[in-house]
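Please consult the sequence and the structure while reading.

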Amino acid sequence: IIGVGGESQVLLTRIDELTAAGSSTKGMRVRVAGERPIPGVDFVLGDDFFGAVDMEFDYAKGVIRLFQPKDCKGASLAYWDRNALQLAMEDEKKIVVPVKINGRAARAMLDSGASRSVVALDFARKVGIRPGEGEVVPSGCSTGFGAEAMQQWVARFDTVEIGPLLIRDSRLDVMAYTPGWS
């Protein structure tokens, strides 16, 4: 597996039962990976789990709701706002959506496990953002599944467009996700 910090060996195992939010799955095959522990985290739920449910993140109330809609294909499930932004995913197996950063088309992966939004260093360079130039300043290091800590910077982006939503003057982290990316 390749993630922030490099590569990690992946092993497979089967767990007898996984229970989350009152629902159980038996005999689930899971991957075991990672070169360092994630403090306070024992298990990462991924696409294989979330592909079977729909999620609602309610940050205002500090709640994540999992549900399995039935017979509502094509219907808006945004019951809280008829005008809620809906984006088509590029692939049903990955949560990747089209965006524009500083007017340039990009693809964004929605990652509920990420604590911050990050722009790939090679893409940032394409829109004129370069570490050490102007207001692009170091912001620390990040770790992930790989063994190495990765340097990151914070930069101001003029615009970030997600569908019809336009966000101006965003400050986002910039990072080469794995060692050797420049």
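Phe49 lies in helix H1, which covers residues 47–50. Helices are DSSP runs of H or I with at least four residues, strands are runs of E with at least two, and both are numbered from the N terminus. Phe49 is buried, with a relative accessible area of 12%; buried means under 20% relative accessible area, exposed over 50%, and partly exposed in between, for a 1.4 Å probe and protein chains only.

Apart from neighbours within four places in sequence, Phe49 is in contact with Leu18, Ala20, Met28 and Leu66, where contact means heavy atoms within 4.5 Å. Between the C-alpha atoms of Phe49 and Val30, which are 19 residues apart along the chain, the separation is 9.8 Å.

## Basis of the model

The model is predicted: local features need pLDDT of at least 70, side-chain atom pairs count only at pLDDT 80 or more, and totals for chains, interfaces and linings use all residues. Residues are numbered from 1 along each chain as its sequence is written, and side-chain values use heavy atoms, with hydrogens and water left out.

## Asp173 in strand S12

Strand S12 spans residues 165–175 and contains Asp173. Asp173 is buried, its relative accessible area being 1%. Not counting residues up to four places away in sequence, Asp173 touches Arg116, Ser117, Val118, Val119, Ser139, Gln152, Trp153 and Val154.

## The protein as a whole

The protein has two helices and 12 strands, arranged along the sequence as β-β-β-β-α-β-β-β-β-β-α-β-β-β. Of its 182 residues, 25% count as buried.
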